[in-house]
Amino acid sequence: MDRRFFLRLAAMTAATGLVNWRFAGAAPAPDSSLDCDVVVIGAGLGGLACGAYLAKAGFRTQVLEQHYRLGGYATNFTRQAGDRRFTCEVSLHSSALTTPDSKAMLDELGVWDRLEIVRHPHAWASRFPGFSLDIPSSAGLDGFEKMLRERFPAEAQGLARYFALWRGIMTETEALDRAPFKPEEFPKRFPNLWRIHDKTVAQVLDPEIRDPQLKAVLTQSCGYYGLPPSRLSAFFYLEPTGEYLQYGGCYLKGTSQSLSDALVKAITDKGGQVRPRTMVTAVLASGGRATGVRTADGKEIRCRAVVSNAAALELLRDLLPPDALPKDERARMEAMTPSPSSFMVWLGLDQDVTKTFPLPDASFYSGTDMEAAHAASMACDYERANIAMMLYDHLVPGFSPKGCSSVCLMGLSGYDHWKPFEADYLAGRKQAYQAEKKRLADILVRRCEQLAIPGLSKMIVMREASTPLTNLRFTKNPYGAIYGFAPTVDNAFMSRNPNTTGLKGLFLASAWGDPGGGFTGALLGGKGAFKDVAEFLGA
């Protein structure tokens, strides 16, 4: 191992105890010259989780959010259709919030008992041209492997090796924070993790599996991490996907907004402040240390530490002085790849279609070539891209007005397709943009009508859609990114961008830091930032 890699590995091993780490210190004594102990910029899940941990530990905490809704992507909105009001879920399809580690963290924050968990009947409901596959939530890795061996008997040996590696990864990941070890011991003590630490999903899968249908099944969820198999970190895919298969997916009654609201209450119940419509325009620094923030109204809030839940690239380009971070750190972060964005369509139907389509969610694949499908998504070619569909009324009775249904359609989206519309969009000139949004939404509706709900287009009484520009507008995430920095091999697991920065007292708590995107990733990032803050302040 070269020195740089050894240092990254040392940092990773130092953070492996995060899930089981408990704060045993005490918040510093109040300083009357400061407005608070910590300012958190942004009320996405990472910022809210960090804020909840800080407030619980006794730190005087202020969470500042530029939007009027709290939660970032974990939120909802409503649309009226005559006398019927439809709820639109912004992001959540299914999450692994019921895993032991996730549940323990939510319990720790005091929010688990405030959530109403609704379990999905299937881990995956997949529709490929010519074949379908439904994997029960109770299947686990063993059941999943058994299903695949029965369906693809010629691939039995390759499947055995692949699943043995997968189980080894799960076992070793769980052991990472159970016993201390020296970084140089890592390759021997964790051979499966070492084997994949610098590999993509494709590099791990391709030597074992030849059948294109089986490859498609095993990589079908890569899109939920924003990358194709040839670019997605194998660890970032296999570990959380394995947990998802083991424990099943869930939804939240009250939409993802219920999780955000519970975290806000956890902060305010402990004396912390959460302030919507409060845009931070600068991070203040003095003597090589973050000292506070300035808001859009010109006010300055002085504190001991600043946690940024804002996009890392926004932090670099808009909030920090150019010389606040070391040049090599700035250059490294600017060279990282943001994740893709999304294109979504919400439909309110004047009929109950839960009997017409019996699944709460399904993924429709254009073929078995995941690389080609991802390229189509990036080009917004939704005739050939993979798309996902949610029918929330199956999970939450009464989600829609009586006798109605709510459908959500989603595909990944690149930003280049929308870049020509950006200047006019931000200036309020949206005619051409709206025409293109309608054209693409029509394609998704037509495909859903053909593949899932016959006669769909005649049932629609409410329709809304969002694009990467929508995401940019509401979250300020550059390029409308939905997963922070993309989890490529050079920015995942041992190599992930850390939550500490080169400016003392400035930390990251978002999908742009460690461990990465997704609900659980953002929550863990919030806890990681809290741990770093507590250690920095000597609490």
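Q: How many cavities turn up in the whole structure?
A: The search finds 2 cavities of 30 Å³ or more. A cavity here is a set of points on a 1 Å grid over the protein atoms alone where a 1.4 Å probe fits but cannot get out. The model is predicted, so to speak of cut-offs: local features need pLDDT of at least 70 and side-chain atom pairs count only at pLDDT 80 or more, while totals for chains, interfaces and linings use all residues. Residues are numbered from 1 along each chain as its sequence is written, and side-chain values use heavy atoms, with hydrogens and water left out.

Q: What volume does the largest cavity have?
A: About 280 Å³, where volume is the space filled by probe spheres set on the grid points, joined across faces, edges and corners.

Q: And which residues lie nearest its centre?
A: Gln 220, Gly 223, Tyr 224, Asn 386 and Leu 412, out of 21 lining residues, meaning those with an atom within 4 Å of a point.

Q: Which element gives the largest share of that lining?
A: Helix H14 (370-378), with 4 residues. Helices (H or I, at least four residues) and strands (E, at least two) are DSSP runs, numbered from the N terminus.

Q: What about the second largest cavity, what lines that?
A: Thr 87, Cys 88, Glu 89, Trp 346, Leu 347, Tyr 392, Ser 406, Val 407 and Met 462. Its volume is about 40 Å³, and strand E4 gives the largest share of the lining, 3 residues.

Technical notes: 1 Å grid on protein atoms, 1.4 Å probe; cavity = no way out; pocket = protein on both sides within 12 Å on 5 of 7 lines; lining within 4 Å.
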